[in-house]
Structures are given as structure tokens and as C-alpha cells.
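Read the report below with the structure open beside it.

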Amino acid sequence: MKNLTRRQFAASVVAAAALGPAASARDAFAQTPNPASRPDQPEFPPDFIWGCATSAYQIEGAVKEDGRGLSIWDTFSHTPGKVFQGDTGDVADDSYHLYKEDVKLLRSLGATGYRFSISWPRVIPDGTGKPNEKGLAYYERLVDELLANNIAPYITLYHWDLPQALPGGWQSRDTAKALGDYAGFVAGRLSDRVKHFFTTNEFVCISDVGHRLGLFAPGLTLSAAEANQVRHHVVLGHGLAVQVIRANARGGTLVGLAENAVVYVPAIETREHVEAAHRATREGNAPFLTAVMEGKYLDGYLEGEGANAPKVAEGDMRIIGSPLDFVGINVYQPQYVRADGSAQGYSVESRPTSYPHMASPWLFIGPEAIYWAIRNVSEIWKPAALFITENGCSSDDVLTAEGRIEDTDRVMFLRNYVTHLQRAAAEGYPVKGYFLWSLMDNFEFPDGYGKRFGIHYVDFNTQKRTPKLSAEWYREAIRRNRAV
Ligand code: GBH
């Protein structure tokens, strides 16, 4: 059995079936795969990227070093009452100094990619204008260290740490242009060594969570009209970044984004519910991914917002819809949908109170979300390539007396999501890589250091990193190139 491909195996079963019922049953059983041999068969393409993800403010620390400017997250985290126990990113994982150690962690996993973000105020302290060479030099050192270890750098240009100095922040349209200029500058300088750039991370967190719910920096609770305008500026900033990167970077540079699209999962896998999930994906992501992929706001979105709809200038939608080389999706939780007789044709299921979640109360478990994210996005917009740019979970990790972290719940979570990712790869969807969130415990935004997402445990007093059971699991999955 070991040397039979799955297709050959299927063909031999079909051939056996042709011999008639008795023979077929006997031969099919005789050829049942030996379970012990199967786990060694790779299930992902040989060049599949297995990586980890982090972001600048969550890991770097060194907020006052080498000319870094202030970001809105410095201000927000230092505002009493905004972050759990008053935690800040001032030191975080001190990866600004310990990056070589962190690259070693990646290497010992066998990772072939690392998705990290660049701190805009480290590179352009005022958001626009004069760059800070010392800030850029840090990322050059990091990139060189990764390349020396055969780990491909995947750069996110904007993961929420907006330069505080930009007047009006994302409420100003000028910030969209500033993002484009900054992105083009970085790509121009690093594209000799870096092939993949993500413009932004998670539009809805930048706009709604920061400007409408007030839970993220800058902590505003604007009106719907104002918040919708922020949404527009952010997607416009993404589009401008795509264009300026293409103008400034080397030929062959690939550009996409990392988006936490709402993942609609058919409540039951039947044709009608599958179609409902497909429709919901397009309509439920109308202000963000749909606008980027189609270069327009759906009528349903604009009509639904009415007088609060964003003000769109001539030419904006073409910029927003700038063609991408790939789509990155951050997948955490599912939204179950079912077809119904309503005008929109579907409804989103509410969650029973017993619905299970991880240590973060918002992180509802639904491993099949990763499959449906890929399938829905692929079928609707047919991107040339997709990445899972984040997937992972928080767990109430404790150190045992022997200094081990037995995060069996995280291993359960990851194993199940990766199994569904494997289904997507096996069905031929063009998913090229998976970035586990996160390489190590870090500053979890408003949850501070109170929620741990790492597969390496970090002692924030000593900065010691310790691999958890989940790191062992990931090393094994990478080694076999399959879910284990
Ligand atoms: C990702 O966001 C981020 O990209 C990453 O930086 C972060 O560390 C990681 O997840 C783990 O959280 O849902 O209204 O209560 C994931 C999506 C959206 C989840 C905002 C937390 C909090 C506000 N996040 N949400 S709410």
C-alpha cells in the first residue's frame, strides 16, 4: 500500500468492484490502507509554506529606541483603563533585540516562512516625510537573518500601529495616501530580498473596532457615517499601497493583504446551504474584501447604510480594486449560515450559549471555517493564490513543575483546523501556505499579556521562550507536510 498513490488505490478499488459483490468486498478489504503507513504520506504540495505570524507592536518592544516615533497603540496602551492590567507594548517580547533567538525558534520548527509586520513609526516616525534609516536597518537585519536560515520573509506593512503624528489619523483621507507612500518606500528598499508583501491586516479592526467600538486604538466611538468613512479611507489606503508598491518594487514582487473576512460556513453541507454561505461571504464582507476584489461597493451595502454610506471620490473604487497577486485570510471562528425564504436568501445562525470557545471568549471553535474560507473566496473571486495568514488560539497555559506547557487544547484546535485546511489543499484550491498565530506569546492588544496565543511560552520577566506541546506538534506537521 505504501507505494500506491491515493488515485491508484481508488482505481484498484473500482477495478475490484467490477468483479462482482463478493470479490469486491474481499479485495477492497484486502486493500484497505494500512493505517500505520498513511501518516507518513504528505498531503500538501511540496512547496507549501509552513510559517508563523507575529506583528510589530505585539512583539518588538524598544518603543523609544533608534528614533522610533509614537504610534496610536503607544498612546492607547498608556491610557488608563484601555488595556488589561495597564499592560503596554513597551517591552513586549523584546524581539527588537532578541530577533536572532526568535529566528532560531522558527528554524527549530522547520518553518519555511515568517509573517511579521513593520512598525510604520519606526521607519517613518512622523508618518510622512523623512525616513529613519536606523529603523529600516532593523528590518534589514531581520530579513537577512531569516534568509540565512532559509525562511522566507512575508511582510505585513500595516498591523494597526499608525504613527500618532498623522493629523486626524484614519479619519483623514490623507492617511490613505501616507500609507501608500510608506508602503512604496519599504517595498522599494526591501524587495531585493522580500517577495511577498501584505498591505494591511484586518480592515474591520482598524476601522470599526478602533473607531466605532472604541476597543482598539485610537479608542473612538464615532457615528456610523464617520466610521464608514474611516472604512473607506482604510480600503483606499490598501489600494494606494498596492499601486505604489508595484511602482517602486522589483519586478516579480507579489502583493496581497491579510484580511479577517467573516467566514460563513454552511450549517449543513447541502447545496442550498452551500449557496447561502457563498452569498453571505460576498454580502457580509461588502465594505472590505468584496470591495477590494470587485472594485465596487455592493448596492445592498450602500442601501443598507443609506445616508451613512461612505463618500466616494471619483476614481477611488478603481484604486481600491487594484488587482492582487494573492489573498491572505486570517481564520479564527465560523459563522454558520443556512438558506431561508427571506429576501436576502439566507440567515446567520445565532450561537447557543453552550457553543465552545477557547480562552478568549470571542474565539469560537469551528475547524471547518478554514476550509470554507478558502472555498468561498476561491469560488467567488478566483484569486491566483491564497494564504492562511493567521490561525491559532489562546489557551490558559500553565507551566508544570517540570517547566512544561501541556497545551493539549491548542493542539486539538490546530490539528482540527489543519485537517480542514488539508481538505482544501486536496480538493485543489490554490492555498500556498499557512501562518500559525503565533510564534510566541505576545501583547494581545486590549487583553495585554493576559491571553497567550503562542506555541512558545514567554516568561515576560526573563524573556525566556519555552516550546509548548503545540510547538512539538507543529514541528511534526511540518516535517510530514500534513495534518498529524
Ligand atoms: C487577530 O485578530 C490579529 O490579527 C492579531 O494581531 C491578534 O493577536 C490575533 O488575532 C489574536 O487575537 O470581537 O468585538 O470582541 C483576530 C480578530 C477581531 C479578534 C477583534 C478580537 C476583539 C473585538 N479579532 N476581536 S470583539
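Pro42 touches Arg480, Asn481 and Arg482, leaving aside residues up to four places away in sequence; two residues are in contact if their C-beta atoms, placed from the backbone, lie within 7 Å. The model is a predicted one, in which local features need pLDDT of at least 70 and side-chain atom pairs count only at pLDDT 80 or more, while totals for chains, interfaces and linings use all residues. Residue numbers start from 1 along each chain as its sequence is written.

Pro42 sits in the loop between helix H2 (21–30) and strand S1 (49–53). Helices (H or I, at least four residues) and strands (E, at least two) are DSSP runs, numbered from the N terminus. Is Pro42 buried or exposed? Pro42 is exposed, because 11 other C-beta atoms lie within 10 Å. The terms work as follows: a residue is buried if 20 or more other C-beta atoms lie within 10 Å of its own, exposed if 12 or fewer, and partly exposed in between, with C-beta atoms placed from the backbone. Asn481, one of the residues that Pro42 touches, is buried, because 20 other C-beta atoms lie within 10 Å. Asn481 belongs to the segment after helix H17 (469–480). Pro42 and Ala339 are separated by 297 residues in sequence, and their C-alpha atoms are 36 Å apart in space.

**The barrel and the open sheet**

Strands of a sheet pair through backbone hydrogen bonds, either parallel or antiparallel. Here two strands count as paired if DSSP finds at least two bridges between them. A barrel is closed by 8 strands in the order S1-S2-S3-S4-S5-S7-S10-S11, with parallel pairing. From one strand to the next the twist averages 25°. Axes are lines fitted to C-alpha atoms, for helices over the stretch in contact, and angles run from 0 to 180 degrees between N-to-C directions.

A set of 3 strands forms an open sheet in the order S6-S8-S9, and its pairing is mixed. Strand S6 (263–266) and strand S9 (346–348) are the edge strands, each pairing on one side only. Neighbouring strands of this sheet are turned by 40° against each other on average, direction ignored. The bridge partner of Val263 in S8 is Pro334. Helix H11 (residues 271–284) packs on the sheet and touches S6, S8 and S9; its direction makes about 120° with that of S8. Helix H15 (residues 369–381) also packs on the sheet, touching S6 and S8, and its direction makes about 105° with that of S6.

| Strand pair | Sense | Bridges |
|---|---|---|
| S7 (residues 327–330) and S10 (residues 386–390) | parallel | 4 bridges |
| S6 and S8 (residues 334–339) | parallel | 4 bridges |
| S12 (residues 456–459) and S13 (residues 464–467) | antiparallel | 4 bridges |

**The nonpolar core**

Which residues touch the most other members of the largest nonpolar core? They are Ala373 and Leu421, in a core of 134 residues. Helix H10 (residues 224–248) gives the most to this core, with 10 residues. A nonpolar core is a set of buried Ala, Val, Leu, Ile, Met, Phe, Trp, Tyr and Cys residues joined through C-beta atoms within 7 Å. Apart from residues up to four places away in sequence, Ala373 touches Ala261, Val263, Ile329 and Val331.

**Around the ligand**

Of the 15 residues around the ligand, Glu202, Cys205, Val209, Asn260 and Trp362 come nearest; a residue is near a molecule if its C-beta atom, placed from the backbone, lies within 6 Å of it. The shell has 8 nonpolar, 4 polar and 3 charged residues. Ala, Val, Leu, Ile, Met, Phe, Trp, Tyr, Cys and Pro count as nonpolar, Asp, Glu, Lys and Arg as charged, and the others, Gly among them, as polar.

Most residues other than glycine have a negative phi, and most peptide bonds are trans. Gln463 has a positive phi near 65°, and that of Asn481 is near 55°, also positive. Gln463 lies in the loop between S12 and S13 and counts as partly exposed, because 16 C-beta neighbours are inside 10 Å. In the S12 and S13 hairpin, 4 residues come between the strands, and Tyr457 stands opposite Thr466 of S13.

The peptide bond from Ala217 to Pro218 is cis, with omega near 5°; Pro218 is in the loop between helix H9 (203–211) and H10. The bond from Trp437 to Ser438 is cis as well, with omega near 15°, and Ser438 is in the loop between strand S11 (431–437) and S12.
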